[in-house]
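The structure comes first, then the notes.

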Amino acid sequence: MLFETEQLSQKSYDLIICATPRLALSIQRQHAKNNQNNPSHTPNTQTLNNWLDAHIAKLILLGEIPVANAEATCLTSYQERLLWQQVITSHLKDNPFEDLFDSSGLADAAMEANNYAQIWQLNPHDSRHDSHHDSYTEETRQFLIWQKAFQKACVEKNVLEKVRFVAWQIRQIALHPILLPKKIAIAGYDRIDPQIQ
(Lines give C-alpha, C1' and ligand atoms only; values in the text may rest on other atoms or scores of the structure.)
Protein backbone atom coordinates (compact mmCIF):
# COMPACT_ATOMS: atom_id res chain seq x y z
CA MET A 1 0.00 0.00 0.00
CA LEU A 2 1.11 3.54 -0.73
CA PHE A 3 0.84 6.02 2.16
CA GLU A 4 1.86 9.51 3.21
CA THR A 5 4.78 9.90 5.65
CA GLU A 6 2.49 10.98 8.52
CA GLN A 7 0.25 7.92 8.08
CA LEU A 8 3.23 5.56 7.93
CA SER A 9 4.74 6.88 11.13
CA GLN A 10 1.50 6.09 12.99
CA LYS A 11 0.88 2.57 11.63
CA SER A 12 2.69 -0.69 12.29
CA TYR A 13 4.40 -2.34 9.33
CA ASP A 14 7.09 -4.99 9.28
CA LEU A 15 8.78 -3.11 6.44
CA ILE A 16 8.35 0.22 4.70
CA ILE A 17 10.01 0.35 1.27
CA CYS A 18 10.99 3.97 0.62
CA ALA A 19 11.89 5.66 -2.65
CA THR A 20 14.90 7.39 -1.05
CA PRO A 21 17.12 7.00 2.03
CA ARG A 22 16.07 10.50 3.10
CA LEU A 23 12.41 9.46 3.17
CA ALA A 24 13.29 6.34 5.18
CA LEU A 25 15.01 8.51 7.81
CA SER A 26 12.17 11.03 7.76
CA ILE A 27 9.59 8.32 8.55
CA GLN A 28 11.73 7.06 11.43
CA ARG A 29 12.06 10.59 12.82
CA GLN A 30 8.32 11.21 12.47
CA HIS A 31 7.62 7.92 14.28
CA ALA A 32 10.00 8.88 17.12
CA LYS A 33 8.37 12.33 17.39
CA ASN A 34 4.86 10.85 17.49
CA ASN A 35 5.84 8.29 20.12
CA GLN A 36 7.99 10.33 22.55
CA ASN A 37 5.87 9.44 25.56
CA ASN A 38 5.28 5.85 24.52
CA PRO A 39 8.36 4.64 22.66
CA SER A 40 7.92 1.52 20.61
CA HIS A 41 10.10 -0.22 18.06
CA THR A 42 11.47 1.98 15.30
CA PRO A 43 9.89 1.14 11.96
CA ASN A 44 12.02 -0.83 9.51
CA THR A 45 12.34 1.68 6.67
CA GLN A 46 14.66 0.88 3.78
CA THR A 47 15.09 1.57 0.10
CA LEU A 48 14.19 -1.33 -2.17
CA ASN A 49 17.84 -1.89 -3.12
CA ASN A 50 19.02 -1.95 0.51
CA TRP A 51 16.29 -4.37 1.54
CA LEU A 52 16.90 -6.67 -1.44
CA ASP A 53 20.66 -6.72 -0.79
CA ALA A 54 20.16 -7.55 2.90
CA HIS A 55 17.48 -10.17 2.26
CA ILE A 56 19.51 -11.95 -0.44
CA ALA A 57 22.54 -11.94 1.88
CA LYS A 58 20.40 -13.66 4.56
CA LEU A 59 19.19 -16.27 2.07
CA ILE A 60 22.78 -17.01 1.04
CA LEU A 61 23.93 -17.24 4.67
CA LEU A 62 21.06 -19.63 5.44
CA GLY A 63 22.05 -21.79 2.48
CA GLU A 64 18.75 -21.19 0.68
CA ILE A 65 20.68 -19.76 -2.25
CA PRO A 66 23.90 -21.72 -2.81
CA VAL A 67 26.91 -19.43 -3.11
CA ALA A 68 27.72 -21.11 -6.44
CA ASN A 69 24.30 -19.96 -7.73
CA ALA A 70 24.79 -16.38 -6.59
CA GLU A 71 24.37 -14.11 -9.58
CA ALA A 72 27.08 -12.15 -11.31
CA THR A 73 28.61 -9.07 -9.76
CA CYS A 74 26.48 -5.92 -9.91
CA LEU A 75 28.00 -3.00 -11.78
CA THR A 76 28.08 0.40 -10.14
CA SER A 77 26.49 3.22 -12.15
CA TYR A 78 29.96 4.44 -13.08
CA GLN A 79 31.09 0.98 -14.26
CA GLU A 80 27.87 0.52 -16.21
CA ARG A 81 28.30 3.87 -17.97
CA LEU A 82 31.92 2.99 -18.86
CA LEU A 83 30.87 -0.37 -20.30
CA TRP A 84 28.15 1.28 -22.40
CA GLN A 85 30.71 3.83 -23.61
CA GLN A 86 33.17 1.05 -24.55
CA VAL A 87 30.46 -0.79 -26.51
CA ILE A 88 29.32 2.34 -28.32
CA THR A 89 32.86 3.51 -29.09
CA SER A 90 33.76 0.11 -30.54
CA HIS A 91 30.68 0.25 -32.80
CA LEU A 92 31.48 3.79 -33.96
CA LYS A 93 35.16 3.17 -34.76
CA ASP A 94 34.44 2.44 -38.44
CA ASN A 95 32.13 5.41 -38.82
CA PRO A 96 33.82 8.25 -40.76
CA PHE A 97 32.04 10.75 -38.47
CA GLU A 98 33.16 9.03 -35.26
CA ASP A 99 34.72 12.23 -33.85
CA LEU A 100 31.41 14.06 -34.12
CA PHE A 101 29.61 11.66 -31.74
CA ASP A 102 29.44 12.31 -28.02
CA SER A 103 30.03 8.73 -26.85
CA SER A 104 29.60 9.74 -23.21
CA GLY A 105 26.20 11.32 -23.90
CA LEU A 106 25.18 8.35 -26.05
CA ALA A 107 26.23 6.01 -23.22
CA ASP A 108 24.02 7.91 -20.75
CA ALA A 109 21.06 7.80 -23.13
CA ALA A 110 21.56 4.10 -23.91
CA MET A 111 21.90 3.28 -20.22
CA GLU A 112 18.64 5.08 -19.43
CA ALA A 113 16.79 3.46 -22.35
CA ASN A 114 18.07 0.04 -21.31
CA ASN A 115 16.90 0.59 -17.73
CA TYR A 116 13.40 1.54 -18.87
CA ALA A 117 13.27 -1.42 -21.26
CA GLN A 118 14.29 -3.82 -18.49
CA ILE A 119 12.04 -2.36 -15.77
CA TRP A 120 8.98 -2.25 -18.01
CA GLN A 121 9.85 -5.66 -19.51
CA LEU A 122 10.04 -4.41 -23.09
CA ASN A 123 11.85 -6.80 -25.40
CA PRO A 124 12.09 -5.46 -28.95
CA HIS A 125 14.59 -8.28 -29.73
CA ASP A 126 11.74 -10.79 -29.33
CA SER A 127 11.12 -12.65 -32.61
CA ARG A 128 7.41 -11.82 -32.33
CA HIS A 129 8.38 -8.20 -33.02
CA ASP A 130 10.44 -8.92 -36.16
CA SER A 131 7.73 -7.51 -38.39
CA HIS A 132 8.05 -4.19 -36.53
CA HIS A 133 11.84 -3.85 -36.99
CA ASP A 134 11.27 -2.08 -40.31
CA SER A 135 9.23 0.57 -38.53
CA TYR A 136 11.98 1.29 -35.97
CA THR A 137 13.91 4.51 -36.36
CA GLU A 138 17.61 4.35 -37.16
CA GLU A 139 18.32 5.40 -33.55
CA THR A 140 16.21 2.52 -32.20
CA ARG A 141 17.89 -0.01 -34.47
CA GLN A 142 21.31 1.29 -33.40
CA PHE A 143 20.33 1.12 -29.72
CA LEU A 144 19.20 -2.50 -30.14
CA ILE A 145 22.59 -3.38 -31.65
CA TRP A 146 24.38 -1.68 -28.76
CA GLN A 147 22.08 -3.33 -26.22
CA LYS A 148 22.88 -6.82 -27.56
CA ALA A 149 26.60 -6.01 -27.51
CA PHE A 150 26.32 -4.61 -23.97
CA GLN A 151 24.56 -7.74 -22.72
CA LYS A 152 27.16 -9.93 -24.42
CA ALA A 153 29.93 -7.94 -22.71
CA CYS A 154 28.13 -8.41 -19.37
CA VAL A 155 28.06 -12.18 -19.90
CA GLU A 156 31.76 -12.23 -20.82
CA LYS A 157 32.68 -10.24 -17.70
CA ASN A 158 30.14 -12.06 -15.46
CA VAL A 159 28.50 -8.79 -14.43
CA LEU A 160 24.99 -7.33 -14.53
CA GLU A 161 23.77 -3.78 -14.59
CA LYS A 162 21.71 -2.78 -11.53
CA VAL A 163 18.31 -3.21 -13.19
CA ARG A 164 18.97 -6.83 -14.23
CA PHE A 165 20.66 -7.56 -10.89
CA VAL A 166 17.51 -6.38 -9.07
CA ALA A 167 15.40 -8.60 -11.36
CA TRP A 168 17.60 -11.57 -10.37
CA GLN A 169 17.19 -10.71 -6.68
CA ILE A 170 13.40 -10.55 -7.06
CA ARG A 171 13.37 -13.96 -8.79
CA GLN A 172 15.39 -15.42 -5.90
CA ILE A 173 12.91 -14.09 -3.35
CA ALA A 174 10.06 -15.64 -5.34
CA LEU A 175 11.92 -18.97 -5.38
CA HIS A 176 12.77 -18.79 -1.65
CA PRO A 177 9.83 -17.03 0.07
CA ILE A 178 11.08 -17.33 3.65
CA LEU A 179 11.67 -14.60 6.24
CA LEU A 180 9.48 -12.22 4.26
CA PRO A 181 7.78 -9.36 6.13
CA LYS A 182 4.04 -9.91 6.65
CA LYS A 183 3.01 -6.26 6.33
CA ILE A 184 4.81 -4.07 3.78
CA ALA A 185 4.08 -0.49 2.83
CA ILE A 186 5.56 1.51 -0.05
CA ALA A 187 6.30 5.21 0.30
CA GLY A 188 7.49 8.05 -1.89
CA TYR A 189 7.11 6.55 -5.35
CA ASP A 190 5.48 8.59 -8.11
CA ARG A 191 4.53 5.40 -9.92
CA ILE A 192 4.78 1.71 -9.19
CA ASP A 193 6.77 -0.02 -11.93
CA PRO A 194 6.75 -3.82 -12.40
CA GLN A 195 9.92 -4.31 -10.32
CA ILE A 196 8.51 -2.45 -7.33
CA GLN A 197 5.17 -4.25 -7.72
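A nonpolar core is a set of buried Ala, Val, Leu, Ile, Met, Phe, Trp, Tyr and Cys residues joined through side-chain atoms within 4.5 Å. Buried means under 20% relative accessible area, exposed over 50%, and partly exposed in between (1.4 Å probe, protein chains only). The model is predicted: local features need pLDDT of at least 70, side-chain atom pairs count only at pLDDT 80 or more, and totals for chains, interfaces and linings use all residues. Residues are numbered from 1 along each chain as its sequence is written, and side-chain values use heavy atoms, with hydrogens and water left out.

**Nonpolar cores**

- The largest nonpolar core has 18 residues, and Trp84 and Phe150 have the most contacts inside it.
- At least two residues of this core come from each of α4 (77-92), α5 (103-119) and α6 (138-157). Helices here are DSSP runs (H or I, at least four residues), and strands are runs of E (at least two), numbered from the N terminus.
- α6 gives the most to this core, with 7 residues.
- Another core, of 17 residues, lies apart from it; Ile56, Leu59, Leu160 and Phe165 are among its members.
- Trp84 is in contact (heavy atoms within 4.5 Å) with Ala107, Ala110, Met111, Asn114, Phe143, Trp146, Gln147 and Phe150, leaving aside neighbours within four places in sequence.

**Helix α5**

- α5 has 17 residues. Ser103, Ala107, Ala110, Met111, Asn114, Ala117 and Ile119 are buried in this helix.
- Cover for the buried residues of α5 includes α4, α6 and α7 (162-175).

**Salt bridges**

- The count of salt bridges is 4. The rule asks for a side-chain nitrogen of Lys or Arg within 4 Å of a carboxyl oxygen of Asp or Glu.
- Arg81 and Asp108 form one of them (2.4 Å, N to O). This pair links distant parts of the chain: Arg81 is in helix α4 and Asp108 in helix α5, 27 residues apart.
- Arg81 counts as partly exposed because its relative accessibility is 29%. Asp108 is partly exposed too, with a relative accessible area of 33%.
- Glu138 forms a salt bridge with Arg141, with the closest N and O atoms 3.5 Å apart. The two are 3 residues apart in helix α6, so about one helical turn separates Glu138 and Arg141.
- Glu161 and Arg164 also meet in a salt bridge (2.8 Å, N to O). Both Glu161 and Arg164 are buried.

Conventions. The expected span of a helix is 1.5 Å times one less than its number of residues.
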